[in-house]
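Try each task before you read its solution.

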Amino acid sequence: MSQQEEYTQSISPFDAGEEGISIAELLHIFHKRLRWFFVGFILVVGLAFGYLQVAIPQYESEVSVLVDPIQTSSSFESLMDISASSTKIATEVELITSRSNIDYALSTLDLSQYMNSDGFDYRDKLVLGNLKERIVVSTVKDTNIVRIKVTDENPEFARDFANALASSYDTLLTGIAKNSKTAQREFIESQIPINDRALTAAGDALGDFRENSDIIQLTDKSSLLVEQISYYTLRLEPLKLQLQEAMVFLDSYNEGLLEAGVEGVLSLDDVRKDPVVADKLNDLAAWKTELTMYESLSNPSATQTQISMPMDSSSRTYVISSAMNQLNKDLLDRVSLLTRSYGNENNTQAIVQALTTEVGIQILEERGEVFISELSQLPVLERRLSELQRDVQIYEAIGLKLREMLEEVKLIEASVSGNVTVVDEAILPRNPVSPNRLLILAVAVLLGAAFGLLLTLAIEALDVSIQTEQQIQKIVGKDVPILGWIPMMKVSLLDLYPTLIVHNDPLSFESERFKLVANMLYNRSEKHVFSITSCSMAEGKSTIIGNIAIALAQMGSKVLVLDGDLRLPSMERYFRLKHREVGLVDYVTKKATLEECILRPIEKVPELHLLPPGNAPLVHAGIFSNPRYKQLIHYLESVYDFVIIDAPPLDSASELLSISKHVDGLIITVRAGITSKGSLFDLISSLRTANVPISGVVFNGVVPGSVGTGYRYGYGYGYGKGYGYGSYASRYSAEGTSGKLKKRRKHHIRKRSNGWYRKMYKRDLKNRGKISPEQFDAVLAFGPDSAYETITDWVEAERESANTQPKETKRVEVPVAKQEEPEKSTGPVKEDLLSLSDIEQDTDAVGKKIEE
């Protein structure tokens, strides 16, 4: 695997720094994006205040009632049972919010007297809204007390409607309890006249048969058969009435539940189909069949009400009765489980009664069919007599039973009373329950702080620009060093060269940062030709080249700045020189001499030269691929100690790769807060693919003094129309870290936001390439008007000057690059070195290699 493949797999510009974030970094992000935190906080709190202004206050009124279950309030037997305990009232509670109960409660109120906040009365359904959603019903644990809460914007309506609900609820429950018993009473009253007419007809038919027939005496067998048939018939008819009574009650009760909106009500057929119920009924049928046979044999002539068989624990009838009682209890438990969501005690007993009565009827009918079949074999007259006697006995027993049932139902119907007792009436609420201003404001403060923090982190995440050296190191890799970071600078338009801080103020903090980078290059004795580029335009490349070149020249090195940006040259404008038509392009293509091309940009720095681009070529990349250009670089390397080439950004010009083939190292400038991670990653990937030697990275536009990291990123700009790329932050002198300067610096940093720097950067980028209003005539470094007419004369003079120096001389502190050519100066002597500040204070020593 190649080095490029390993690099691509191991690093990505967008996941750099995703391994985690420390508390110090989080606080740094919070401090840097503090205004976004306040934006999010104020936005949420403002929305809360806005909601409180437009929200309509809601008032709540509550009524407490004691609810008795329907079965206990409507059952005569329960009134006599003083040991009855409280019963669950789940079904009754569900009926409170039923549509019929709400509509009846509204019908008792005069809705025209209630107004909403807009002045409309409650007769309009749209104004009234969905009342069911504003009704809350709750029960007190382990009691039958129910609390009904009504919420509305009109406090009077909330109070009155809550009381109306309690009143209509009492009427609803009482009506359901009374309707079932009324239906039973009406049914029994309608059956008594029918039975009386049938009894009269049966008696008349028996009398006519005796008068008109010659039958005087029946045989013993026919009498026995008639008695058996009569016995089963008498047992059968009351059971049928009992079944009808149970069915009438169930139909009435289920109909009331359905009208109240209760769902899931089971019919008798649904209960009968349950597997457990079916098994129990089969067992019950077997026991009843055996018991019926014992009863008919022991007292065949007795009626149902007269049967009273003596039983003891050892008799068979006792065993049968015990088994049947247990089956009845099991049926009650199973039916209660099936109807627990809506049923009550009376409903459960009625279902079990109907099911067991059906079994009893089925058994009696089967036994009666046996005796009827035997009787059918007797003579016709005997059979007819026995049938008439049986009919009379049946109707007499039925009539007696109907009258007994009628009296019982009347007593139960009369005993039905109200189910709901108001414990505490609803009162007029004074204060609204919503919106809760204190709670909403407290939650808004917490949510605002959380939202502000999330917004701060989101803005930071959206910022893909490079902000720290750690981000650079993760992108370029550990094998590419960071040569140093350059702080933001505040330039002065009064200076001749505003952004040449090394020339204007050699002892300033910014100058020392540039000199540190220059020393990094100076100590690389094997490398003399460097190309400096950036990811895109306006990232401070010209400022770094100019200041580093002057710093190297002040160390005594011969430095040539070659403007290789043929598309948008900037070095002439940077040194405020007028454009010359003769330059690099003319030397390569038109055979111009170097003496005609090389300039001396600053008069007081004779060791610094500039080779401008000259006329723009048709094919820019062809200039750097020309053999004459290659020869030029080799020649310049033998003449100058350092050759610094201003290379265009790769995203704007492809000739960067051609320039990089003939240099010892490529230096990349990164603008803090401007250069994106993706652009730097693409540049590094392209350079490594082309096997371009990368000497290091210079981090530009950093604000010193940031908490935790030693600096904070920022953006800086040059003078005039944007030809230099320094910055507008504060300038720091040697004493700039204390006293008033320190306070001014911090104050200035707080005033300039990131948005301001980005705005200035865009303006600088827009004005890039425009002509400066004040420019000077270019001065040739060689020629009749210069100290040396040719480059050869200059080189010879430098060589003779080096040969005439005493051998015991000592050089400056910063070492000179090692030279392999014999004509170049030898390496520095490191004994008794002078400090850089001492050299710069000596006016005769500035720009030269000082020797004692």
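**Exercise 1. Find how many aromatic pairs the whole structure holds, then describe the pair formed by Phe157 and Phe161.**

Step 1: get the count. Searching the whole structure turns up 14 aromatic pairs. The rule here is that rings of Phe, Tyr and Trp (its six-membered ring) pair if their centres lie within 6.5 Å; planes under 30 degrees apart are stacked, over 60 edge-to-face, and the rest tilted.

Step 2: look at the two rings. Phe157 and Phe161 sit 5.4 Å apart centre to centre, with 5° between the planes, and the pair is stacked.

Step 3: Helices are DSSP runs of H or I with at least four residues, strands are E runs of at least two, and both are numbered from the N terminus.

Step 4: check the cover. Phe157 is buried at 0% relative accessibility, and Phe161 is buried with a relative accessible area of 0%. (Buried is under 20% relative accessible area, exposed is over 50%, and partly exposed is in between, using a 1.4 Å probe and protein chains only.)

Before you go on, two notes on the ground rules. This is a predicted model, in which local features need pLDDT of at least 70 and side-chain atom pairs count only at pLDDT 80 or more, while totals for chains, interfaces and linings use all residues. Residues are numbered from 1 along each chain as its sequence is written, and side-chain values use heavy atoms, with hydrogens and water left out.

**Exercise 2. Work out what surrounds Trp794, starting from the ring of Tyr640.**

Step 1: classify the pair. The ring centres of Tyr640 and Trp794 are 5.5 Å apart and the planes stand at 55°, so this pair is tilted.

Step 2: trace the chain. Tyr640 is in the loop between α24 (627-639) and β9 (642-646), and Trp794 is in helix α29, so the pair links distant parts of the chain, 154 residues apart.

Step 3: check burial. Tyr640 and Trp794 are both buried.

Step 4: look for a charge. The charged end of Lys558 sits over the ring of Trp794, 5.8 Å from its centre. That label needs NZ of Lys or CZ of Arg within 6 Å of the ring centre and within 35 degrees of the ring normal. Arg628 likewise has its charged end over a ring, that of Tyr587, 4.1 Å from the centre.

**Exercise 3. Which residue does Arg272 pair with in a salt bridge, and where do the two lie?**

Step 1: start with the total. The whole structure has 18 salt bridges, each a side-chain nitrogen of Lys or Arg within 4 Å of a carboxyl oxygen of Asp or Glu.

Step 2: find the partner. It's Asp269, and the closest N and O atoms are 2.4 Å apart. Both residues are in helix α11 (residues 268-272), three residues apart.

Step 3: Arg272 is partly exposed at 27%, and so is Asp269 at 42%.

Step 4: widen the view. Asp269, Arg272 and Glu358 are linked in a network of salt bridges.

**Exercise 4. Contrast the salt bridge of Asp330 and Lys280 with that of Arg799 and Glu796.**

Step 1: take the distances. Asp330 and Lys280 have their closest N and O atoms 3.4 Å apart. This pair links distant parts of the chain, with Asp330 in helix α13 (residues 316-338) and Lys280 in helix α12 (residues 275-298), 50 residues apart. For Arg799 and Glu796, the N to O distance is 3.6 Å.

Step 2: Arg799 and Glu796 both lie in helix α29 (residues 791-803), three residues apart, about one turn of the helix.

Step 3: Asp330 is partly exposed at 22%, as is Lys280 at 23%. Arg799 is partly exposed at 27%, and Glu796 is partly exposed at 33%.

**Exercise 5. Which residues touch the most other members of the largest nonpolar core?**

Step 1: know the term. A nonpolar core is a set of buried Ala, Val, Leu, Ile, Met, Phe, Trp, Tyr and Cys residues joined through side-chain atoms within 4.5 Å.

Step 2: read off the names. In this core of 54 residues, they are Ile472, Ile598, Tyr640, Ile645, Ile668 and Leu680.

Step 3: look beyond it. Another core lies apart from that one, with 38 residues, among them Leu552, Val561, Met571 and Leu599.

Step 4: Buried residues make up 47% of the 852 residues in the protein.
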